Amino acid sequence: MKYTATVLLLAGINMIAVSGCTVLTGYGGMFSLGQAGFMSIGAYFAACFHIYGHIPFLLAVLLGALVSTAAAVLIGFPVLKNKLTGDYFAVCMLGFGEAVRLVSANFKPYIKGAMGLTGIPRKTTLTVVVICTLVILFLIRNYLKSHYGKNLIAIRQQEVAAEMMGMNIMSNKMWALAISGFTCGFAGALYAFYATTMYPTTYGSAKSTDLNAAVVFGGVNSLSGPMMAAIILAAMPEVLRAFAMWRLVIYGLLFVVIMLFRPEGLFGNKEIAGELKRLWRWIKRVWARRTTGRKEAE
């Protein structure tokens, strides 16, 4: 039972981080390889706020997420101001994530550099994660259903046309990046108070790959699809524990297979409820044909 609760807790933290990546990558079309950096910032600052500042657990988590949001704005302003998109944006964010890792490995005060920050009290529970996940997903869903979400879709599909229609491209992208920074920082802070230790290598480039994989696997223009993919990817390390060294190879093969046979993602561009309705209608049609064929045979 405890093992299952741990997997569910990690899946919930994964869902919080992926929800922000859905806004940034799935809806905004900005592929980021630096999400692990935001998680590290949120984790370290939240832990320091609680240990050294004696700030209550949940408030420390929220403050850590806000610091991560501020970092997203600081890195996003020059990048978006210079209109870097596509591979250029991804490489800039990759550099940001690596910079965060190197700074945390060499900054000795408070976080103890490469030795890691230990002695973080275990405050994160399954109940806390479930409540936080539901609240954040509710807020993200409302944001995506509003005209802001529609603006992001328009910018992703045709940025020039969206700008000609009067949309503020930089403002919409900045909001998407800030939201992504907040959710990743929040998820990182929750994990820090569960793992009780933080090292510079806790969130490496592989974590950014995991988050983007969930968005691609789940499908763009969908929130529930990436959430299901986040749960699957959180459980996969346990299923593939014997093949831990081959995890990234398996992810790469999955990327290739999905791009070839399901380029819109496992759950398509629609929400899972719509996909389930389509599946149910297909099952009824197949059943009706079989029933009709049996009656004619009789």
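## Exposure and the overall fold

A residue is called buried when its relative accessible area is under 20%, exposed when it is over 50%, and partly exposed in between, using a 1.4 Å probe and protein chains only. This is a predicted model, where local features need pLDDT of at least 70 and side-chain atom pairs count only at pLDDT 80 or more, while totals for chains, interfaces and linings use all residues. Residues are numbered from 1 along each chain as its sequence is written, and side-chain values use heavy atoms, with hydrogens and water left out.

The protein chain has 12 helices and 0 strands; helices are DSSP runs of H or I with at least four residues, strands are runs of E with at least two, and both are numbered from the N terminus. Along the sequence the pattern reads α-α-α-α-α-α-α-α-α-α-α-α. Of the 298 residues in the chain, 44% are buried.

Let's start with α1 (residues 2-27) and α9 (residues 205-218), whose axes come within 9 Å and cross at roughly 70 degrees. α1 is therefore roughly perpendicular to α9. Axes here are lines fitted to C-alpha atoms, for helices over the stretch in contact, with angles from 0 to 180 degrees between N-to-C directions. Angles under 35 degrees count as roughly parallel, over 145 as roughly antiparallel, 65 to 115 as roughly perpendicular, and the rest as oblique.

How many salt bridges does a search of the whole structure find? The search finds 1, where a salt bridge is a side-chain nitrogen of Lys or Arg within 4 Å of a carboxyl oxygen of Asp or Glu. The side chains of E98 and R101 meet in a salt bridge, at 2.8 Å from N to O. Opposite charges on side chains can pair when the charged atoms come close.

Both E98 and R101 sit in helix α4, 3 residues apart, which is about one turn of the helix. E98 is partly exposed at 27% relative accessibility, and R101 is partly exposed with 27% as well.

Y52, V103, F107 and Y110 form a nonpolar surface patch with about 420 Å² of accessible area together. Patch members have over 30% relative accessible area and no salt bridge; like charges are joined within 9 Å, and nonpolar side chains (Val, Leu, Ile, Met, Phe, Trp, Tyr) within 5 Å. Areas come from the Shrake-Rupley method with a 1.4 Å probe, and for residues only the protein chains shown count as cover. Y110 lies in the loop between α4 (86-106) and α5 (126-145), and its 52% relative accessibility is why it counts as exposed.

K81, in helix α3 (residues 57-81), is exposed at 54% relative accessibility. The C-alpha atoms of K81 and S171 are 10.0 Å apart, although the two residues are separated by 90 residues along the chain.

## Positive phi in two loops

H54 is not a glycine, yet has a positive phi of about 55 degrees. H54 lies in the loop between α2 (35-51) and α3 and is exposed, with a relative accessible area of 66%.

T196 also has a positive phi, near 70 degrees, in a residue other than glycine. Its loop connects α8 (169-195) and α9, and T196 is partly exposed at 21% relative accessibility.
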